[in-house]
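Welcome, and please open your viewer. We will go from one selection to the next, with a short note at each stop.

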Amino acid sequence: MDHLRLNQLLEETVLQGGRISVLAGAGLSAESGIPTFRGPEGYWTVGSRVYQPHEMATRRMFQSNPIAVWQWYLYRLEVCRQALPNKAHHALVTMEQLFPDSFALVTQNVDNLHLRAGQSAANTYEVHGNIGFVRCSNECGHRILPMPDQVSGKTKNEKIIVAEWQALHCPACGHLLRPHVLWFDEAYNERYYRAESAMQIARETSMLIVAGTSGATNLPNLVVSEVYHHSGAIIDINIASNPLGRVIEQYPRGISLRQPSGTALPEIVNRLKAIVMAPHGWQPFHLRWTLRHRNQFKL
Ligand SMILES: [Zn+2]
């Protein structure tokens, strides 16, 4: 890790009072043992046919075989419920506590682990939804509801019982409820996924920390692109080299850390704490000079 460079980016952001945003992806949840469900671990057998995740996680499949889709999601729900938030989740909670008015988390993860760790719902933008919530498939009131208490998570071969199926119907209009998640054949929107708010956050971001995502989906890519184009600082955390990380490595205000999020994020939080706690006037001369002349030199 280039400690000097990392510290410089963190100090610049904190001392200017800039907004710190985090974009979290599947790599962060993988450290809690949750698979992405985009590969073989997400394959699902219905009758004699094996379906792939990009077929299961669709409105089309829900319309043609809602029971199979709900079986699959209740299995996934159980996997998520059995998992525990890891060091990365806890570090992000501490980061929010350090900067309550200038912190935002944009997450692609639907597993609910951020909120279970203690992240505030107000500053968490779940742009792909949350598997612990449901909403009416008939869109009668646009309300997002917690998973009904009567419905439990399932193992792979465990069937939904009648009382659970009844509970999976909208209390207002009686139509079937659906998982509150973005499907492959649907588009981002503000109403359910706060997509426009997430982009507004990106426009206001001074420093973006990208943790465990290679930006494979549209909106997260746009968030990174926005920060990149207004010359915000970008810290990429990923155990594997990936196209996004390689772009950040070449970016003058970026740094790539090839570490697990559970290692890198607590380290970053410790450094941020040290900067926040430092007595007034502690900043080294080179940093004070840099900050004073920042606009002049377009650093
Ligand atoms: Zn309804």
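The tour below goes from domains to a sheet and then to helices.

**Before you start.** This is a predicted model, in which local features need pLDDT of at least 70, side-chain atom pairs count only at pLDDT 80 or more, and totals for chains, interfaces and linings use all residues. Residue numbers start from 1 along each chain as its sequence is written.

**Stop 1: the domains.** Select 3-33 + 85-128 + 189-297 for domain 1, then 40-84 + 133-181 for domain 2. These bounds come from an automatic or database domain assignment. The centres of the two domains, taken over C-alpha atoms, are 32 Å apart. Where they touch, nine residues of domain 1 are in contact with five residues of domain 2; contact here requires C-beta atoms, placed from the backbone, within 7 Å. The domain 1 side of this contact has three nonpolar, four polar and two charged residues. In this grouping, Ala, Val, Leu, Ile, Met, Phe, Trp, Tyr, Cys and Pro are nonpolar, Asp, Glu, Lys and Arg are charged, and the others, Gly among them, are polar.

**Stop 2: a sheet.** Next, show the open sheet of three strands, ordered E7-E6-E8 with antiparallel pairing. Strands (E, at least two residues) and helices (H or I, at least four) are DSSP runs numbered from the N terminus, and two strands pair if DSSP finds at least two bridges between them. Select E7 (144-146) and E8 (177-181): each is an edge strand with a single partner, so one side of each has no neighbour in the sheet. Which residue in E8 is the bridge partner of Cys136? Look for Leu177.

**Stop 3: H6 and H13.** Select helix H6 (residues 87-98) and helix H13 (residues 261-277), whose axes are 8 Å apart at an angle of about 20°. Axes are lines fitted to C-alpha atoms, for helices over the stretch in contact, with angles from 0 to 180 degrees between N-to-C directions. H6 and H13 are therefore roughly parallel, the word for angles under 35 degrees. Residues to display at their contact include Ala91 and Leu92 in H6, and Leu265 and Val269 in H13. The contact comprises 10 nonpolar, three polar and two charged residues.

**Stop 4: H1 and H13.** On the H1 side, show Asn7, Leu10, Glu11 and Val14. Their partners in H13 include Ile268 and Arg271.

Key. Contact = placed C-beta atoms within 7 Å. Parallel < 35°, antiparallel > 145°, perpendicular 65-115°, else oblique.
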